[in-house]
Amino acid sequence: MEVEADIGAESMKDESFFGPLDILLITALLGIAAWWFMKDKKKDSAYKSYTIQPTALGSTTDTSGNSFIKKLKTSGRSLVAFYGRQTGTGEEFAGRLAKEGVRYQMKGMVADPEEYDMGELVNMKEIPNSLAVFCLATYGEGDPTDNAMDFYEWLQNGSADLTGLNYAVFGLGNKTYEHYNAVGIYVDQRLEELGATRVCELGLGDDDANIEDDFITWKDKFWPSVCESFGIETMGEDVSIRQYQLVEHTEINTDRVYTGEVARLHSLKNQRPPFDVKNPYLAPISVNRELHKAGNRSCMHIEFNIEGSRMRYDTGDHCAVYAKNDDENVEKLGKLLGVNLDTLFTLTNTDEDSSKKHPFPCPTSYRTALTYYLDITSNPRTHILKELSEYCSNPEEQVKLKSMASTSPEGKQLYNSWIIQDNRNILHILEDMPSCKPPIDHICELLPRLQCRYYSISSSSKLHPTTVHITAVRVEYKTPTGRLNKGVATCWLADKKPNTQPDTDLPSPVVPIFIRKSQFKLPTRPQTPIIMIGPGTGLAPFRGFIQERDLYRKEGKPVGETILYFGCRKKSEDYIYQEELEEYVANGTLKLYVAFSREQEQKQYVTHLLEKNKDELWNVIGENNGHLYVCGDAKNMARDVHNIVANVIKEKGNMEEAQANTYLKKMEAQKRYSADVWS
């Protein structure tokens, strides 16, 4: 269309007039171009992602756009707490800081950096005694969370003058990962470089240890620093401040009630693309089979049918699953709280200026909230224990909860032993402290949101474009108190068996899923050699890698050496995908090393096999510019692999330690050394 328009423009210059046919032709071309443009615009607008649309009466709509400065000014606030979250913890910490600000004459708001123009930080100086706090998580290989990505890139690429901005940063990370708290550390330094004033030293939370302890320890330094910087004093007792107001509905149109939707009302009944974190696709399960041959553990191979969904994935991506809490636990919690779980209710933010009108989609029932929206199985954080203590009629139970919520060494030790080590959740606490009778609406306000679970996709999109495969170990274990804890997602998925009876019309069970993109990718050139290290379910993404390389080979394309290190306990028990892997070895696609840790007196792991093959390792990563991939346990296996690789580079590459470290960093930067690990 653009080329033809250019030709038409030239003809207008060269000729003194147009004939009727010329005018008709040009008009037609312009009309076609306009139609084409409008068609694309309509297509774009038809596929926008969905946000929560509350249906509660009396809720207000945010009209201030993406200006957090305007919100601060119009509502008389001076504190804004931004969060970068992958699992919800960063948002929770930001909310706690904003809520506590009232005690220090600083009315606060919580803000998602994805929803605001972060360039407005330059205008924070216009608000007297203002403060911006950043609770930012790091995930992957030192990456910012999805909702903080634009802000992170703005800091990297911009040169704004942030003089007059007062700030503090708390980072959320995990020490088992190489790039521990990289995002929080960078943002803290970069804000200072741009002229901002640090009000409190950087706080770093370690999720592998006790991130709650790290946060409250930092918070105990944060507020005194704020008071000193701004010359303010606390306004008195640390009393409970309710954030949401309860309305129980006796008469309401049930068609306007949420029944488990993530965001858009009826989205699980009336499905429409695009499917994402706020709009999951109800994928039918076509296969759900056991991979373990024996033993008392279970590992599932599950296939989701995505045909017709317009969902696409690349080999190495992640599949997110929205699961539900166990019905038995929900019933127990309802009885302990003494409520009718089918009561319909709405929780509405008492702060009319807040962009977050409800803690989860409302109106809904208590049963739905406890089943789909609230995390009832994780260890409650200290601020929840503090709130619970107010509802204890037994003085000893009240003192115990208050002690665990304090920052005293004794209180921290008690919290660590009674909550963390004994693995108590809200249900267990209410069972073990019978005098504690909180109202259910306060429980709904306090508990964090139930998060989706991510699984590495264990299939190739080129071989299986209409199905997504995942590999998941069923989580089930006894706690020190003798209780049976079950993994929310894996135990829920285990019961979802597809209909295999050809003579029945029973529908296949469906699961809400979406695809999360990953940087864990095969080399663009199939002839590049690769080494994959994935014991246990760490094999999952490599199954997809191998499928893809096998397909290339069958198509006659040159394929580089494909080497896999896999480990399990016993060949007769948990050697998952054994037949597939052995077939790939037989047809020449795969070179395989397997470590069986429990089949000999001295345990043998994949790292032992890798260390024996130093020459081959260097041949791939040093002499042939190959790629190395690690998937699985971050705490031990991935760290050991990293050390072995560093030593091989040093030894076989004849490098000094500093040179070897530089070489390793270059591999990581070039995505030739990639890790998809968890702790």
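Residues are numbered from 1 along each chain as its sequence is written, and side-chain values use heavy atoms, with hydrogens and water left out. Because the model is predicted, local features need pLDDT of at least 70 and side-chain atom pairs count only at pLDDT 80 or more, whereas totals for chains, interfaces and linings use all residues.

The structure holds 29 aromatic pairs, where rings of Phe, Tyr and Trp (its six-membered ring) pair if their centres lie within 6.5 Å, and where planes under 30 degrees apart count as stacked, over 60 as edge-to-face and the rest as tilted. One of these pairs joins phenylalanine 93 and phenylalanine 170 in an edge-to-face arrangement, with 5.8 Å from centre to centre and 75° between the planes. Phenylalanine 93 belongs to helix H4 (residues 89–100) and phenylalanine 170 to strand E5 (residues 166–173), so that the pair links distant parts of the chain, 77 residues apart; helices (H or I, at least four residues) and strands (E, at least two) are DSSP runs, numbered from the N terminus. Both phenylalanine 93 and phenylalanine 170 are buried, a term that means under 20% relative accessible area, with exposed meaning over 50% and partly exposed in between (1.4 Å probe, protein chains only). The pair of tyrosine 565 and tyrosine 593 is stacked, because the ring centres are 4.7 Å apart and the planes are at 20°. Since tyrosine 565 lies in strand E20 (residues 562–568) and tyrosine 593 in strand E21 (residues 591–596), this pair ties together parts that are 28 residues apart in sequence. Tyrosine 565 and tyrosine 593 are likewise buried.

A charge sits over a ring if NZ of Lys or CZ of Arg is within 6 Å of the ring centre and within 35 degrees of the ring normal. Arginine 424 is placed over the face of tryptophan 418, 3.9 Å from the ring centre, and arginine 516 over the face of tyrosine 454, at 3.7 Å.

The UniProt record (unreviewed entry) places the feature "binding site" at ten positions, among them Gln604 and Val606; such annotations may be inferred rather than shown by experiment. Glutamine 604, in the loop between E21 and helix H18 (606–612), is partly exposed, with a relative accessible area of 22%. Valine 606 is found in helix H18 and is buried, with a relative accessible area of 4%. Leaving aside neighbours within four places in sequence, valine 606 is in contact (heavy atoms within 4.5 Å) with residues including Tyr565 and Ala595.
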